[in-house]
Amino acid sequence: MVAIYKKKTFTYVPPTPPAELIESTSYILDFAARKFVHIGIDPTEKFQVVVHLLTSSRHVKITPDFLRRIFSLMGNIVSFVLEQPEKYKRTLFLETEFYKLSSMMYSGENVLVIESKTHEGCRILLNRADLIHLQYLEWCIFETITRKSTIIQPAALKQFDIFLKYIDVEFTKVDSPPKNPEEMVTFIKNVRDESIISKIAKNEVNLISQIKIYASSQLAEQWAQRWGGEMSPELFAESEMRLISPPRYSSMSPMYEDLSQARAADEDRGINDFLRQINPTQATWVPTKTLPVP
């Protein structure tokens, strides 16, 4: 009987922490319970504006469109939460491919459950007081979302590209270029912020430092795609060095007995090859000097 009625122990596995957001803004729902609304640019979501609903132990990421749908149902949701709680009564308010909006009884009261269907363990509970305060903040929240969508997001994308172009130049200056994504992230984090900030217009919002910290992985990924596609940064470094290396002279040319003649001929061929790599339509370079007659 002891074996039959022995209680099973469950280990709480916290969800993966949410992604760090660029130019984020937070609103407090309940400070004592550590409940917040967090809005910002998510570099892991192609720099889209996202909304994080955070508690002390849980979180869920939703889109601004889904948040609007929650507010459209707020009247029905608050009315249900105010009803006498029933232990086994569950109500499904809204369900999409990615999110689920329902109710449950928790700590003796009805609460709203917002959960992700694609990320296990990502859900939060909002009680009556939380919902009323969330409704009170509606205009503030959507003003913030609009500002970040129309001003911050375009600036972040523009400065992300500026950062990439700066990496392109700096990469060719180092003696030991990064050979894998981890080394590339380290290389990006060691870039001096002021060197890139100087390229930003003074009247623009400066997001370079935040991009460097929160989007270093995305910078490394985009850099690799721009320069090599499926080719690794190491292979690119080798091809780049071949492109910019000066022509090498060879003493094995069978056309000339004199070493100086062979060296001059190799120099001419090397310059022609270099010009064709830069521009395939470039005409063959014609030397201004003439070889000495043997």
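The structure is a predicted model, in which local features need pLDDT of at least 70 and side-chain atom pairs count only at pLDDT 80 or more, while totals for chains, interfaces and linings use all residues. Residues are numbered from 1 along each chain as its sequence is written, and side-chain values use heavy atoms, with hydrogens and water left out.

**Overall fold**

- The protein chain contains 11 helices and 8 strands; these are DSSP runs numbered from the N terminus, with helices (H or I) of at least four residues and strands (E) of at least two.
- Of its 294 residues, 36% count as buried, where buried means under 20% relative accessible area, exposed means over 50%, and partly exposed lies in between (1.4 Å probe, protein chains only).
- Among contacts with a separation of 6 or more, 50% join residues 24 or more positions apart; a contact means heavy atoms within 4.5 Å.
- The chain exposes about 18,700 Å², of which carbon and sulfur atoms supply 55%; accessible areas come from the Shrake-Rupley method with a 1.4 Å probe, and for residues only the protein chains shown count as cover.

**Aromatic pairs and a charge over a ring**

- The structure holds 6 aromatic pairs, meaning rings of Phe, Tyr and Trp (its six-membered ring) with centres within 6.5 Å; planes under 30 degrees apart count as stacked, over 60 as edge-to-face and the rest as tilted.
- Phe66 and Tyr99 form a tilted pair, at 4.6 Å centre to centre and with 35 degrees between the planes.
- This pair links distant parts of the chain, since Phe66 belongs to helix H2 (residues 64–72) and Tyr99 to strand S6 (residues 99–106), 33 residues apart.
- Phe66 is buried at 3% relative accessibility, and Tyr99 is buried at 12%.
- Ring pairs join Phe66, Phe98 and Tyr99 into a cluster.
- Elsewhere, the charged end of Arg34 sits over the ring of Phe31, 4.3 Å from its centre; this requires NZ of Lys or CZ of Arg within 6 Å of the ring centre and within 35 degrees of the ring normal.

**Residues in strands**

- Ser116 lies in strand S7 (residues 109–116) and is buried, with a relative accessible area of 12%.
- Leaving aside residues up to four places away in sequence, Ser116 touches Val60, Phe98, Tyr99 and Cys122.
- The side chain of Ser116 also reaches the backbone nitrogen of Thr118 at 3.2 Å.
- Lys35 is located in strand S2 (residues 35–42) and is buried, with a relative accessible area of 12%.
- Beyond residues up to four places away in sequence, the residues that Lys35 touches include Tyr27, Asp30, Leu54, Leu125 and Asp130.

**Residues in helices**

- Helix H6 (residues 181–189) has Met184, Val185, Phe187 and Ile188 buried.
- These residues lie on the same side of H6, because they cover an arc of only 160 degrees around the axis; the arc is that of the directions from the helix axis to the C-beta atoms.
- An α-helix has 3.6 residues a turn, so residues three or four places apart point the same way.
- Tyr214 lies in helix H8 (residues 208–214) and is partly exposed, with a relative accessible area of 31%.
- The C-alpha atoms of Tyr214 and Glu20 are separated by 6.1 Å, although the two residues are 194 residues apart along the chain.
- Tyr214 touches Glu20, Leu21, Ile22 and Pro43, not counting residues up to four places away in sequence.

How values were computed: A polar contact is a pair of N or O atoms within 3.5 Å; within protein, one must be able to donate a hydrogen and the other to accept it, and residues adjacent in sequence count only if both atoms are side-chain atoms.
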